[in-house]
Amino acid sequence: MSLATENSELVRENGFSNPLNTFFLLLTAVVTLYIVYWRFSRSRMLELASKIPGPNGWPLVGSALEFVGSPHDMFVTLYKKADLYGRVVKLWIGPRLLIFLIDPRDVELILSSHVHIDKSPEYRLFQPWLGDGLLISSGQKWRAHRKLIAPTFHLNVLKSFIDLFNKNSRETVEKLRKEVGKEFDCHDYMSEATVEILLETAMGVSKKTQDQSGYDYAMAVMKLCEILHIRQSKIWLYSDYIFNLTKNSTYQKSLISIIHNLTRKVIQKKKAYFQEGIRGSTAEVPEELKTQKYEKTDITNKTTLEGTSYGQSAGLKDDLDIDDDVGEKKRMAFLDLLIEASQNGVVINDEEIKEQVDTIMFEGHDTTAAGSSFFLCQMAAHPDIQERVVQELNEIFQGSDRPTTFADTLEMKYLERCLLETLRLFPPVPIIARQLQEEVQLASDPKLRLPAGATIIVAQFGVHRLEEYYPDPHKFNPDNFLPEKAANRHYYSFIPFSAGPRSCVGRKYAMLKLKILLSTILRNYKIESNLKEEDYKLQGDIILKRADGFQIRLEPRKPITA
Ligand code: HEM
(Lines give C-alpha, C1' and ligand atoms only; values in the text may rest on other atoms or scores of the structure.)
Protein backbone atom coordinates (compact mmCIF):
# COMPACT_ATOMS: atom_id res chain seq x y z
CA MET A 1 0.00 0.00 0.00
CA SER A 2 1.39 3.45 -1.00
CA LEU A 3 1.85 6.20 1.55
CA ALA A 4 -0.86 8.27 -0.14
CA THR A 5 -3.43 5.48 0.20
CA GLU A 6 -2.41 4.84 3.81
CA ASN A 7 -2.97 8.53 4.66
CA SER A 8 -6.35 8.60 2.99
CA GLU A 9 -7.42 5.46 5.04
CA LEU A 10 -6.34 7.29 8.19
CA VAL A 11 -8.30 10.37 7.25
CA ARG A 12 -11.38 8.24 6.52
CA GLU A 13 -10.98 6.40 9.85
CA ASN A 14 -10.66 9.66 11.75
CA GLY A 15 -13.62 11.02 9.84
CA PHE A 16 -15.78 8.10 11.10
CA SER A 17 -14.37 7.86 14.60
CA ASN A 18 -14.66 11.48 15.68
CA PRO A 19 -18.41 11.47 16.48
CA LEU A 20 -17.96 8.03 18.09
CA ASN A 21 -15.16 9.30 20.27
CA THR A 22 -17.23 12.31 21.28
CA PHE A 23 -20.12 9.99 22.15
CA PHE A 24 -17.95 7.73 24.31
CA LEU A 25 -16.35 10.75 25.94
CA LEU A 26 -19.78 12.15 26.83
CA LEU A 27 -21.01 8.74 27.99
CA THR A 28 -17.97 8.32 30.25
CA ALA A 29 -18.53 11.80 31.68
CA VAL A 30 -22.22 11.12 32.32
CA VAL A 31 -21.50 7.73 33.91
CA THR A 32 -18.70 9.19 36.05
CA LEU A 33 -20.92 12.07 37.16
CA TYR A 34 -23.73 9.63 37.94
CA ILE A 35 -21.39 7.41 39.98
CA VAL A 36 -20.04 10.47 41.85
CA TYR A 37 -23.60 11.70 42.51
CA TRP A 38 -24.74 8.18 43.48
CA ARG A 39 -21.79 7.72 45.86
CA PHE A 40 -22.35 11.20 47.26
CA SER A 41 -26.07 10.63 47.83
CA ARG A 42 -25.18 7.40 49.59
CA SER A 43 -22.22 8.77 51.50
CA ARG A 44 -24.14 8.82 54.78
CA MET A 45 -25.29 5.25 54.22
CA LEU A 46 -21.74 4.15 53.40
CA GLU A 47 -20.35 5.97 56.42
CA LEU A 48 -22.83 4.37 58.84
CA ALA A 49 -22.56 0.96 57.16
CA SER A 50 -18.76 1.00 57.50
CA LYS A 51 -19.17 0.94 61.30
CA ILE A 52 -21.53 -2.03 61.28
CA PRO A 53 -19.86 -5.46 61.55
CA GLY A 54 -20.02 -7.67 58.48
CA PRO A 55 -18.15 -8.45 55.28
CA ASN A 56 -17.55 -5.64 52.77
CA GLY A 57 -17.80 -8.11 49.91
CA TRP A 58 -16.53 -7.59 46.38
CA PRO A 59 -16.86 -4.35 44.41
CA LEU A 60 -20.23 -4.10 42.62
CA VAL A 61 -21.56 -7.51 43.69
CA GLY A 62 -20.86 -7.36 47.42
CA SER A 63 -21.44 -10.80 48.98
CA ALA A 64 -24.00 -11.85 46.37
CA LEU A 65 -21.82 -14.63 44.96
CA GLU A 66 -21.71 -16.38 48.31
CA PHE A 67 -25.45 -16.97 48.14
CA VAL A 68 -25.55 -19.42 45.31
CA GLY A 69 -26.24 -23.14 45.64
CA SER A 70 -29.21 -24.97 47.08
CA PRO A 71 -31.71 -23.22 49.39
CA HIS A 72 -30.28 -25.29 52.24
CA ASP A 73 -26.70 -24.12 51.45
CA MET A 74 -27.91 -20.51 51.38
CA PHE A 75 -29.60 -20.91 54.74
CA VAL A 76 -26.41 -22.34 56.26
CA THR A 77 -24.22 -19.57 54.74
CA LEU A 78 -26.51 -16.90 56.14
CA TYR A 79 -26.50 -18.23 59.67
CA LYS A 80 -22.73 -18.82 59.60
CA LYS A 81 -22.33 -15.11 58.84
CA ALA A 82 -24.52 -14.23 61.81
CA ASP A 83 -22.42 -16.50 64.06
CA LEU A 84 -19.25 -14.86 62.81
CA TYR A 85 -20.22 -11.21 63.23
CA GLY A 86 -22.68 -11.08 66.12
CA ARG A 87 -26.06 -9.50 66.71
CA VAL A 88 -25.95 -6.78 64.07
CA VAL A 89 -24.58 -7.90 60.73
CA LYS A 90 -24.40 -6.03 57.45
CA LEU A 91 -24.31 -7.68 54.07
CA TRP A 92 -23.96 -5.99 50.69
CA ILE A 93 -25.91 -7.70 47.94
CA GLY A 94 -24.87 -5.70 44.89
CA PRO A 95 -25.62 -2.05 45.76
CA ARG A 96 -28.21 -3.07 48.38
CA LEU A 97 -27.37 -2.88 52.03
CA LEU A 98 -29.01 -5.54 54.21
CA ILE A 99 -28.70 -5.36 57.99
CA PHE A 100 -29.63 -8.39 60.08
CA LEU A 101 -30.88 -7.83 63.63
CA ILE A 102 -31.32 -10.45 66.33
CA ASP A 103 -31.12 -8.48 69.58
CA PRO A 104 -34.69 -8.19 70.95
CA ARG A 105 -34.00 -4.57 72.01
CA ASP A 106 -33.16 -3.61 68.42
CA VAL A 107 -35.95 -5.76 67.02
CA GLU A 108 -38.43 -3.89 69.22
CA LEU A 109 -37.33 -0.56 67.71
CA ILE A 110 -38.32 -1.78 64.25
CA LEU A 111 -41.36 -3.96 64.90
CA SER A 112 -43.12 -1.77 67.45
CA SER A 113 -42.75 1.32 65.27
CA HIS A 114 -45.61 2.88 63.32
CA VAL A 115 -42.98 4.53 61.08
CA HIS A 116 -40.82 1.61 59.94
CA ILE A 117 -43.67 -0.38 58.47
CA ASP A 118 -42.72 -0.36 54.78
CA LYS A 119 -41.84 -3.73 53.35
CA SER A 120 -38.50 -4.17 51.56
CA PRO A 121 -38.27 -4.16 47.72
CA GLU A 122 -37.98 -7.98 47.69
CA TYR A 123 -41.70 -8.21 48.45
CA ARG A 124 -42.28 -6.64 44.99
CA LEU A 125 -41.56 -10.07 43.51
CA PHE A 126 -44.81 -11.31 45.10
CA GLN A 127 -46.87 -8.71 43.27
CA PRO A 128 -47.93 -10.76 40.21
CA TRP A 129 -49.36 -13.27 42.69
CA LEU A 130 -50.55 -11.30 45.73
CA GLY A 131 -51.08 -7.90 44.11
CA ASP A 132 -51.07 -5.21 46.75
CA GLY A 133 -52.54 -7.40 49.53
CA LEU A 134 -52.07 -6.92 53.25
CA LEU A 135 -48.65 -8.58 53.38
CA ILE A 136 -47.11 -6.20 50.86
CA SER A 137 -49.09 -2.94 50.86
CA SER A 138 -48.17 0.10 52.88
CA GLY A 139 -49.50 3.57 53.70
CA GLN A 140 -53.18 4.41 53.74
CA LYS A 141 -54.23 1.33 51.77
CA TRP A 142 -52.58 -1.03 54.26
CA ARG A 143 -54.02 0.88 57.24
CA ALA A 144 -57.60 0.84 55.88
CA HIS A 145 -57.48 -2.84 54.90
CA ARG A 146 -55.81 -3.94 58.13
CA LYS A 147 -58.60 -2.20 60.07
CA LEU A 148 -61.15 -4.01 57.97
CA ILE A 149 -59.55 -7.47 58.07
CA ALA A 150 -58.15 -7.78 61.64
CA PRO A 151 -61.63 -8.02 63.29
CA THR A 152 -62.51 -10.96 61.01
CA PHE A 153 -59.95 -12.98 63.00
CA HIS A 154 -61.39 -11.95 66.36
CA LEU A 155 -61.78 -14.81 68.83
CA ASN A 156 -65.56 -14.59 68.62
CA VAL A 157 -65.38 -15.33 64.89
CA LEU A 158 -62.83 -18.08 65.42
CA LYS A 159 -65.05 -19.86 67.92
CA SER A 160 -67.63 -20.28 65.16
CA PHE A 161 -64.99 -22.25 63.19
CA ILE A 162 -64.43 -24.89 65.90
CA ASP A 163 -66.77 -27.48 64.35
CA LEU A 164 -65.16 -27.05 60.93
CA PHE A 165 -61.68 -27.35 62.46
CA ASN A 166 -62.83 -30.63 64.02
CA LYS A 167 -64.43 -31.96 60.86
CA ASN A 168 -61.37 -31.24 58.72
CA SER A 169 -59.00 -32.63 61.36
CA ARG A 170 -60.95 -35.92 61.42
CA GLU A 171 -60.81 -36.07 57.64
CA THR A 172 -57.04 -35.60 57.76
CA VAL A 173 -56.76 -38.48 60.24
CA GLU A 174 -58.70 -40.65 57.78
CA LYS A 175 -56.50 -39.60 54.84
CA LEU A 176 -53.37 -40.41 56.86
CA ARG A 177 -54.59 -43.94 57.47
CA LYS A 178 -53.09 -45.21 54.20
CA GLU A 179 -49.61 -44.18 55.42
CA VAL A 180 -49.71 -46.23 58.64
CA GLY A 181 -46.45 -48.11 59.15
CA LYS A 182 -44.65 -46.36 56.27
CA GLU A 183 -42.12 -43.56 56.24
CA PHE A 184 -43.70 -40.55 54.48
CA ASP A 185 -43.56 -36.74 54.21
CA CYS A 186 -46.35 -35.34 56.37
CA HIS A 187 -46.04 -31.83 54.89
CA ASP A 188 -48.17 -32.76 51.85
CA TYR A 189 -51.02 -33.79 54.15
CA MET A 190 -50.66 -30.73 56.34
CA SER A 191 -50.69 -28.45 53.28
CA GLU A 192 -53.85 -30.02 51.90
CA ALA A 193 -55.55 -29.85 55.30
CA THR A 194 -54.63 -26.21 55.94
CA VAL A 195 -55.82 -25.08 52.47
CA GLU A 196 -59.13 -26.90 52.88
CA ILE A 197 -59.68 -25.57 56.39
CA LEU A 198 -59.14 -22.02 55.13
CA LEU A 199 -61.61 -22.54 52.29
CA GLU A 200 -64.31 -23.75 54.66
CA THR A 201 -63.70 -21.19 57.45
CA ALA A 202 -62.27 -17.79 56.45
CA MET A 203 -63.55 -18.13 52.85
CA GLY A 204 -66.78 -19.82 53.91
CA VAL A 205 -67.17 -22.15 50.90
CA SER A 206 -67.42 -25.91 51.05
CA LYS A 207 -64.31 -27.62 49.66
CA LYS A 208 -66.67 -30.10 47.98
CA THR A 209 -67.90 -27.37 45.65
CA GLN A 210 -64.36 -26.71 44.38
CA ASP A 211 -63.31 -28.44 41.16
CA GLN A 212 -59.66 -28.04 42.11
CA SER A 213 -58.16 -29.83 45.10
CA GLY A 214 -56.49 -28.03 47.99
CA TYR A 215 -53.48 -30.22 47.27
CA ASP A 216 -53.00 -28.87 43.70
CA TYR A 217 -53.25 -25.33 45.00
CA ALA A 218 -50.74 -26.00 47.82
CA MET A 219 -48.24 -27.65 45.44
CA ALA A 220 -48.47 -24.70 43.03
CA VAL A 221 -47.76 -22.33 45.96
CA MET A 222 -44.78 -24.42 47.05
CA LYS A 223 -43.21 -24.37 43.59
CA LEU A 224 -43.91 -20.67 43.17
CA CYS A 225 -42.15 -19.96 46.48
CA GLU A 226 -39.12 -21.86 45.19
CA ILE A 227 -38.99 -19.62 42.10
CA LEU A 228 -39.42 -16.47 44.18
CA HIS A 229 -36.63 -17.60 46.48
CA ILE A 230 -34.32 -18.17 43.51
CA ARG A 231 -35.10 -14.62 42.32
CA GLN A 232 -34.53 -13.14 45.76
CA SER A 233 -31.15 -14.76 46.13
CA LYS A 234 -29.77 -14.10 42.64
CA ILE A 235 -29.52 -10.35 42.11
CA TRP A 236 -29.39 -10.54 38.32
CA LEU A 237 -32.88 -12.08 38.38
CA TYR A 238 -34.33 -9.08 40.25
CA SER A 239 -34.73 -7.42 36.89
CA ASP A 240 -38.07 -8.37 35.31
CA TYR A 241 -36.43 -7.96 31.93
CA ILE A 242 -33.82 -10.66 32.60
CA PHE A 243 -36.22 -12.91 34.55
CA ASN A 244 -38.74 -12.83 31.70
CA LEU A 245 -36.11 -14.38 29.45
CA THR A 246 -35.82 -17.45 31.69
CA LYS A 247 -37.86 -20.67 31.67
CA ASN A 248 -38.89 -20.01 35.26
CA SER A 249 -40.83 -16.95 34.14
CA THR A 250 -43.12 -19.12 31.97
CA TYR A 251 -43.38 -21.68 34.75
CA GLN A 252 -44.26 -18.93 37.22
CA LYS A 253 -47.09 -17.76 34.95
CA SER A 254 -48.59 -21.25 34.80
CA LEU A 255 -48.37 -21.65 38.59
CA ILE A 256 -49.99 -18.26 39.20
CA SER A 257 -52.76 -19.25 36.84
CA ILE A 258 -53.49 -22.42 38.93
CA ILE A 259 -53.48 -20.34 42.11
CA HIS A 260 -55.66 -17.50 40.76
CA ASN A 261 -58.04 -20.00 39.24
CA LEU A 262 -58.90 -21.28 42.71
CA THR A 263 -59.18 -17.87 44.38
CA ARG A 264 -61.29 -16.43 41.52
CA LYS A 265 -63.75 -19.31 41.78
CA VAL A 266 -63.94 -18.99 45.57
CA ILE A 267 -64.90 -15.32 45.23
CA GLN A 268 -67.44 -16.05 42.46
CA LYS A 269 -69.08 -18.74 44.58
CA LYS A 270 -69.20 -16.60 47.68
CA LYS A 271 -70.70 -13.70 45.74
CA ALA A 272 -73.39 -15.99 44.33
CA TYR A 273 -74.28 -17.13 47.88
CA PHE A 274 -74.34 -13.52 48.95
CA GLN A 275 -76.85 -12.67 46.21
CA GLU A 276 -79.04 -15.49 47.52
CA GLY A 277 -78.85 -14.00 51.01
CA ILE A 278 -76.69 -16.85 52.36
CA ARG A 279 -74.14 -15.73 54.97
CA GLY A 280 -71.47 -17.71 56.85
CA SER A 281 -69.84 -20.97 55.79
CA THR A 282 -71.76 -23.31 53.50
CA ALA A 283 -69.60 -26.28 54.54
CA GLU A 284 -71.61 -28.87 56.44
CA VAL A 285 -70.61 -30.50 59.72
CA PRO A 286 -71.97 -33.95 60.71
CA GLU A 287 -74.19 -33.85 63.80
CA GLU A 288 -71.78 -35.95 65.90
CA LEU A 289 -68.99 -33.39 65.39
CA LYS A 290 -70.98 -30.37 66.54
CA THR A 291 -69.41 -29.16 69.76
CA GLN A 292 -72.14 -26.97 71.23
CA LYS A 293 -73.53 -29.80 73.35
CA TYR A 294 -70.11 -30.46 74.89
CA GLU A 295 -69.07 -26.83 75.43
CA LYS A 296 -68.81 -25.74 79.05
CA THR A 297 -70.94 -22.68 79.65
CA ASP A 298 -68.73 -21.05 82.26
CA ILE A 299 -65.96 -20.15 79.79
CA THR A 300 -68.04 -18.68 77.00
CA ASN A 301 -67.44 -15.12 78.15
CA LYS A 302 -63.72 -15.66 78.40
CA THR A 303 -62.58 -14.36 75.04
CA THR A 304 -59.01 -13.38 75.81
CA LEU A 305 -56.21 -15.26 77.47
CA GLU A 306 -52.71 -14.34 78.36
CA GLY A 307 -50.84 -13.63 75.10
CA THR A 308 -48.72 -16.78 74.93
CA SER A 309 -51.79 -18.95 74.33
CA TYR A 310 -52.11 -17.17 71.03
CA GLY A 311 -48.48 -17.12 70.01
CA GLN A 312 -47.45 -13.76 71.40
CA SER A 313 -45.27 -12.88 74.39
CA ALA A 314 -47.27 -12.18 77.53
CA GLY A 315 -47.53 -8.41 77.88
CA LEU A 316 -47.58 -7.60 74.16
CA LYS A 317 -50.84 -6.39 72.68
CA ASP A 318 -51.88 -5.71 69.11
CA ASP A 319 -55.10 -4.94 67.25
CA LEU A 320 -56.18 -8.60 67.55
CA ASP A 321 -56.39 -8.12 71.31
CA ILE A 322 -58.86 -5.26 71.15
CA ASP A 323 -61.82 -6.69 72.96
CA ASP A 324 -64.33 -3.95 72.40
CA ASP A 325 -68.02 -4.57 72.15
CA VAL A 326 -68.02 -6.06 68.67
CA GLY A 327 -71.25 -5.50 66.79
CA GLU A 328 -72.85 -8.08 64.49
CA LYS A 329 -71.13 -6.61 61.44
CA LYS A 330 -67.65 -6.93 62.88
CA ARG A 331 -68.27 -10.57 63.78
CA MET A 332 -68.49 -11.66 60.16
CA ALA A 333 -65.92 -14.04 58.75
CA PHE A 334 -63.23 -12.75 56.39
CA LEU A 335 -64.74 -13.13 52.91
CA ASP A 336 -68.29 -12.39 54.03
CA LEU A 337 -67.14 -9.09 55.44
CA LEU A 338 -65.02 -8.16 52.42
CA ILE A 339 -67.88 -8.78 50.01
CA GLU A 340 -70.28 -6.85 52.15
CA ALA A 341 -67.83 -3.94 52.41
CA SER A 342 -67.34 -3.94 48.64
CA GLN A 343 -71.05 -3.51 48.01
CA ASN A 344 -70.65 0.20 48.69
CA GLY A 345 -67.30 0.23 46.85
CA VAL A 346 -65.68 2.65 49.25
CA VAL A 347 -63.31 0.59 51.39
CA ILE A 348 -62.48 -2.23 49.03
CA ASN A 349 -63.14 -2.99 45.37
CA ASP A 350 -63.29 -6.32 43.52
CA GLU A 351 -59.62 -6.33 42.53
CA GLU A 352 -58.58 -5.58 46.09
CA ILE A 353 -60.77 -8.42 47.41
CA LYS A 354 -58.91 -10.78 45.11
CA GLU A 355 -55.55 -9.51 46.37
CA GLN A 356 -56.60 -10.06 49.97
CA VAL A 357 -58.05 -13.52 49.28
CA ASP A 358 -54.78 -14.51 47.58
CA THR A 359 -52.84 -13.13 50.54
CA ILE A 360 -54.87 -14.91 53.22
CA MET A 361 -54.92 -18.18 51.27
CA PHE A 362 -51.11 -18.09 51.09
CA GLU A 363 -50.24 -16.72 54.55
CA GLY A 364 -52.95 -18.80 56.16
CA HIS A 365 -51.95 -22.19 54.81
CA ASP A 366 -48.22 -22.43 54.08
CA THR A 367 -47.18 -21.12 57.49
CA THR A 368 -49.44 -23.47 59.44
CA ALA A 369 -48.53 -26.40 57.16
CA ALA A 370 -44.86 -25.86 58.05
CA GLY A 371 -45.63 -25.25 61.74
CA SER A 372 -47.72 -28.41 62.08
CA SER A 373 -45.20 -30.53 60.13
CA PHE A 374 -42.34 -29.36 62.37
CA PHE A 375 -44.52 -30.10 65.41
CA LEU A 376 -45.17 -33.69 64.27
CA CYS A 377 -41.45 -34.20 63.57
CA GLN A 378 -40.61 -32.87 67.03
CA MET A 379 -43.11 -35.24 68.61
CA ALA A 380 -41.46 -38.11 66.73
CA ALA A 381 -37.99 -36.98 67.79
CA HIS A 382 -39.02 -36.75 71.47
CA PRO A 383 -41.22 -39.77 72.34
CA ASP A 384 -41.20 -38.91 76.08
CA ILE A 385 -42.56 -35.41 75.38
CA GLN A 386 -45.11 -36.87 72.98
CA GLU A 387 -46.35 -39.24 75.68
CA ARG A 388 -46.81 -36.31 78.08
CA VAL A 389 -48.92 -34.51 75.49
CA VAL A 390 -51.01 -37.65 74.99
CA GLN A 391 -51.41 -38.05 78.73
CA GLU A 392 -52.78 -34.51 78.93
CA LEU A 393 -55.20 -35.30 76.08
CA ASN A 394 -56.31 -38.49 77.85
CA GLU A 395 -57.08 -36.45 80.96
CA ILE A 396 -59.13 -33.97 78.92
CA PHE A 397 -61.06 -36.50 76.83
CA GLN A 398 -61.21 -39.38 79.35
CA GLY A 399 -61.28 -41.99 76.60
CA SER A 400 -64.13 -40.30 74.75
CA ASP A 401 -64.03 -39.91 70.99
CA ARG A 402 -65.91 -36.59 71.14
CA PRO A 403 -64.79 -33.56 69.13
CA THR A 404 -62.60 -30.84 70.67
CA THR A 405 -64.38 -27.87 72.22
CA PHE A 406 -63.02 -24.37 72.69
CA ALA A 407 -62.77 -25.10 76.43
CA ASP A 408 -60.63 -28.18 75.67
CA THR A 409 -58.15 -26.04 73.74
CA LEU A 410 -57.71 -23.89 76.86
CA GLU A 411 -56.81 -26.98 78.84
CA MET A 412 -54.16 -28.17 76.37
CA LYS A 413 -51.43 -26.35 78.26
CA TYR A 414 -48.60 -28.82 77.65
CA LEU A 415 -49.48 -29.24 73.97
CA GLU A 416 -49.52 -25.46 73.71
CA ARG A 417 -46.03 -25.23 75.23
CA CYS A 418 -44.78 -27.84 72.74
CA LEU A 419 -46.32 -25.85 69.90
CA LEU A 420 -44.74 -22.59 71.07
CA GLU A 421 -41.39 -24.33 71.50
CA THR A 422 -41.69 -25.69 67.95
CA LEU A 423 -42.40 -22.17 66.65
CA ARG A 424 -39.40 -20.90 68.62
CA LEU A 425 -36.93 -23.40 67.13
CA PHE A 426 -38.51 -23.49 63.68
CA PRO A 427 -40.35 -20.21 63.04
CA PRO A 428 -42.26 -20.82 59.78
CA VAL A 429 -41.54 -17.21 58.73
CA PRO A 430 -37.80 -17.16 59.51
CA ILE A 431 -37.15 -13.50 58.60
CA ILE A 432 -39.08 -10.23 58.27
CA ALA A 433 -37.71 -7.49 56.00
CA ARG A 434 -38.43 -3.76 56.27
CA GLN A 435 -37.22 -0.82 54.22
CA LEU A 436 -35.88 1.92 56.47
CA GLN A 437 -36.92 5.47 55.56
CA GLU A 438 -35.22 7.11 58.56
CA GLU A 439 -32.02 6.52 60.51
CA VAL A 440 -32.36 4.50 63.69
CA GLN A 441 -29.96 4.45 66.63
CA LEU A 442 -29.53 0.91 67.93
CA ALA A 443 -30.58 0.11 71.48
CA SER A 444 -28.04 -2.69 71.88
CA ASP A 445 -25.13 -0.42 70.86
CA PRO A 446 -25.92 3.32 70.73
CA LYS A 447 -22.71 3.95 68.76
CA LEU A 448 -24.30 2.22 65.77
CA ARG A 449 -26.98 3.78 63.59
CA LEU A 450 -28.99 1.99 60.91
CA PRO A 451 -28.91 4.16 57.78
CA ALA A 452 -32.02 5.26 55.91
CA GLY A 453 -32.34 3.28 52.67
CA ALA A 454 -31.08 0.05 54.23
CA THR A 455 -33.14 -3.13 54.27
CA ILE A 456 -33.54 -4.32 57.83
CA ILE A 457 -33.90 -8.05 58.29
CA VAL A 458 -35.34 -9.19 61.60
CA ALA A 459 -34.11 -12.77 61.83
CA GLN A 460 -36.49 -14.60 64.18
CA PHE A 461 -34.55 -17.81 63.72
CA GLY A 462 -31.56 -16.08 65.38
CA VAL A 463 -33.59 -14.14 67.97
CA HIS A 464 -35.20 -17.36 69.18
CA ARG A 465 -31.84 -19.06 69.74
CA LEU A 466 -30.18 -16.49 71.98
CA GLU A 467 -28.67 -18.20 75.00
CA GLU A 468 -29.46 -15.43 77.47
CA TYR A 469 -33.18 -15.91 76.88
CA TYR A 470 -33.20 -19.64 76.23
CA PRO A 471 -30.55 -21.59 78.18
CA ASP A 472 -29.38 -24.46 76.00
CA PRO A 473 -31.06 -22.67 73.08
CA HIS A 474 -30.95 -25.47 70.47
CA LYS A 475 -32.63 -27.98 72.78
CA PHE A 476 -36.36 -28.69 72.41
CA ASN A 477 -37.62 -27.78 75.85
CA PRO A 478 -41.37 -27.02 76.16
CA ASP A 479 -40.74 -25.72 79.70
CA ASN A 480 -39.24 -22.60 78.11
CA PHE A 481 -42.90 -21.56 77.92
CA LEU A 482 -43.85 -22.13 81.53
CA PRO A 483 -45.76 -18.94 82.47
CA GLU A 484 -43.10 -17.75 84.94
CA LYS A 485 -40.32 -18.18 82.36
CA ALA A 486 -42.24 -16.51 79.53
CA ALA A 487 -43.21 -13.57 81.75
CA ASN A 488 -39.60 -12.78 82.63
CA ARG A 489 -38.22 -12.69 79.11
CA HIS A 490 -37.86 -9.69 76.83
CA TYR A 491 -41.18 -9.45 74.96
CA TYR A 492 -39.44 -9.38 71.58
CA SER A 493 -37.40 -12.52 72.27
CA PHE A 494 -40.33 -14.60 70.97
CA ILE A 495 -41.79 -13.29 67.73
CA PRO A 496 -42.89 -16.15 65.43
CA PHE A 497 -45.93 -14.07 64.43
CA SER A 498 -43.95 -10.81 64.33
CA ALA A 499 -45.31 -8.14 66.70
CA GLY A 500 -46.52 -4.55 66.70
CA PRO A 501 -48.75 -2.85 64.13
CA ARG A 502 -47.82 -5.32 61.33
CA SER A 503 -48.12 -8.47 63.41
CA CYS A 504 -49.73 -11.55 61.90
CA VAL A 505 -53.52 -11.13 61.67
CA GLY A 506 -53.93 -14.93 61.63
CA ARG A 507 -52.07 -15.51 64.92
CA LYS A 508 -55.09 -16.60 66.98
CA TYR A 509 -56.64 -18.46 64.06
CA ALA A 510 -53.38 -20.40 63.60
CA MET A 511 -53.00 -21.34 67.27
CA LEU A 512 -56.60 -22.48 67.67
CA LYS A 513 -56.65 -24.45 64.45
CA LEU A 514 -53.28 -26.08 65.15
CA LYS A 515 -54.34 -27.17 68.62
CA ILE A 516 -57.41 -28.93 67.20
CA LEU A 517 -55.65 -30.43 64.18
CA LEU A 518 -52.57 -31.64 66.06
CA SER A 519 -54.42 -32.96 69.12
CA THR A 520 -56.78 -34.91 66.82
CA ILE A 521 -53.80 -36.48 65.04
CA LEU A 522 -52.10 -37.34 68.36
CA ARG A 523 -55.31 -38.85 69.77
CA ASN A 524 -55.26 -41.25 66.83
CA TYR A 525 -51.62 -41.91 66.02
CA LYS A 526 -48.28 -42.38 67.65
CA ILE A 527 -45.66 -40.45 65.66
CA GLU A 528 -42.26 -42.04 65.11
CA SER A 529 -38.98 -41.27 63.38
CA ASN A 530 -35.31 -42.16 63.72
CA LEU A 531 -34.25 -38.56 63.12
CA LYS A 532 -33.52 -35.82 65.66
CA GLU A 533 -33.61 -32.08 65.03
CA GLU A 534 -29.84 -31.94 64.44
CA ASP A 535 -30.44 -34.13 61.34
CA TYR A 536 -32.92 -31.70 59.78
CA LYS A 537 -31.70 -29.90 56.66
CA LEU A 538 -33.39 -26.52 56.89
CA GLN A 539 -34.15 -24.21 54.02
CA GLY A 540 -35.77 -20.80 54.22
CA ASP A 541 -37.45 -20.37 50.85
CA ILE A 542 -39.93 -17.73 52.08
CA ILE A 543 -41.32 -20.24 54.57
CA LEU A 544 -38.94 -22.34 56.70
CA LYS A 545 -39.02 -25.98 55.64
CA ARG A 546 -37.03 -29.17 55.78
CA ALA A 547 -35.11 -29.67 52.53
CA ASP A 548 -34.94 -33.38 53.41
CA GLY A 549 -38.73 -33.62 53.75
CA PHE A 550 -40.82 -33.94 56.91
CA GLN A 551 -40.37 -37.70 57.22
CA ILE A 552 -42.35 -39.49 59.93
CA ARG A 553 -44.06 -42.86 60.56
CA LEU A 554 -47.48 -43.41 62.12
CA GLU A 555 -48.79 -46.17 64.36
CA PRO A 556 -52.47 -46.25 65.34
CA ARG A 557 -53.01 -45.49 69.04
CA LYS A 558 -56.30 -47.34 69.21
CA PRO A 559 -58.48 -49.23 66.75
CA ILE A 560 -59.50 -46.53 64.30
CA THR A 561 -63.22 -46.39 63.68
CA ALA A 562 -64.39 -45.61 60.16
C1 HEM B 1 -47.97 -20.67 62.37
C2 HEM B 1 -48.63 -19.88 61.56
C3 HEM B 1 -48.22 -18.48 61.17
C4 HEM B 1 -47.04 -17.82 61.35
C5 HEM B 1 -45.78 -18.34 62.02
C6 HEM B 1 -47.18 -16.50 60.79
C7 HEM B 1 -46.22 -15.51 60.83
C8 HEM B 1 -46.37 -14.25 60.31
C9 HEM B 1 -45.36 -13.23 60.33
C10 HEM B 1 -43.97 -13.39 60.94
C11 HEM B 1 -45.86 -12.14 59.72
C12 HEM B 1 -45.14 -10.82 59.46
C13 HEM B 1 -44.55 -10.92 58.06
C14 HEM B 1 -43.83 -9.68 57.65
O15 HEM B 1 -43.95 -8.62 58.28
O16 HEM B 1 -43.16 -9.78 56.61
C17 HEM B 1 -47.19 -12.46 59.30
C18 HEM B 1 -48.02 -11.59 58.64
C19 HEM B 1 -49.26 -11.92 58.18
N20 HEM B 1 -49.93 -13.10 58.40
FE21 HEM B 1 -49.23 -14.70 59.41
N22 HEM B 1 -48.44 -16.39 60.26
C23 HEM B 1 -49.11 -17.56 60.49
C24 HEM B 1 -50.41 -17.85 60.15
C25 HEM B 1 -51.26 -16.99 59.51
C26 HEM B 1 -52.64 -17.26 59.22
C27 HEM B 1 -53.37 -18.54 59.63
C28 HEM B 1 -53.12 -16.19 58.53
C29 HEM B 1 -54.50 -15.94 58.00
C30 HEM B 1 -55.51 -16.74 58.14
C31 HEM B 1 -52.05 -15.22 58.41
C32 HEM B 1 -52.13 -14.00 57.77
C33 HEM B 1 -51.15 -13.03 57.78
C34 HEM B 1 -51.27 -11.73 57.13
C35 HEM B 1 -52.45 -11.24 56.32
C36 HEM B 1 -50.09 -11.03 57.40
C37 HEM B 1 -49.74 -9.61 56.96
C38 HEM B 1 -50.16 -8.66 58.08
C39 HEM B 1 -49.83 -7.20 57.82
O40 HEM B 1 -48.80 -6.90 57.21
O41 HEM B 1 -50.60 -6.35 58.27
N42 HEM B 1 -50.94 -15.74 59.01
N43 HEM B 1 -47.49 -13.75 59.66
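**View 1. Ile456 and its partners.** Beyond its neighbours within four places in sequence, Ile456 is in contact with Ile99, Leu101, Ile110, Ala433, Arg434, Leu436 and Leu450 (contact: C-beta atoms, placed from the backbone, within 7 Å). This is a predicted model, where local features need pLDDT of at least 70, side-chain atom pairs count only at pLDDT 80 or more, and totals for chains, interfaces and linings use all residues. Numbering starts from 1 along each chain as its sequence is written.

**View 2. The largest nonpolar core.** Among its 133 residues, Ile99, Leu101, Ile456 and Val458 touch the most other members. Such a core joins buried Ala, Val, Leu, Ile, Met, Phe, Trp, Tyr and Cys through C-beta atoms within 7 Å, buried being 20 or more other C-beta atoms within 10 Å of a residue's own. Helix 14 (residues 350-381) gives the most, 14 residues (helices are DSSP H or I runs of at least four residues, numbered from the N terminus).

**View 3. Around the ligand.** Of the 23 residues here, Glu363, Gly364, Thr367, Cys504 and Gly506 come nearest (near: C-beta within 6 Å). Helix 14 supplies the largest share of this shell, seven residues, and helix 20 (507-524) supplies at least two.

**View 4. Helix 14 meets helix 17.** The axes of helix 14 and helix 17 (residues 413-425) come within 9 Å and cross at roughly 110 degrees (lines fitted to C-alpha atoms over the stretch in contact, with angles from 0 to 180 degrees between N-to-C directions). So helix 14 is roughly perpendicular to helix 17 (65 to 115 degrees). Gly371, Phe374, Phe375 and Gln378 of helix 14 make the contact with Cys418, Leu419, Thr422 and Leu423 of helix 17.

Key:
Buried ≥ 20, exposed ≤ 12 C-beta atoms within 10 Å, placed from the backbone. Contact = placed C-beta atoms within 7 Å. Parallel < 35°, antiparallel > 145°, perpendicular 65-115°, else oblique.
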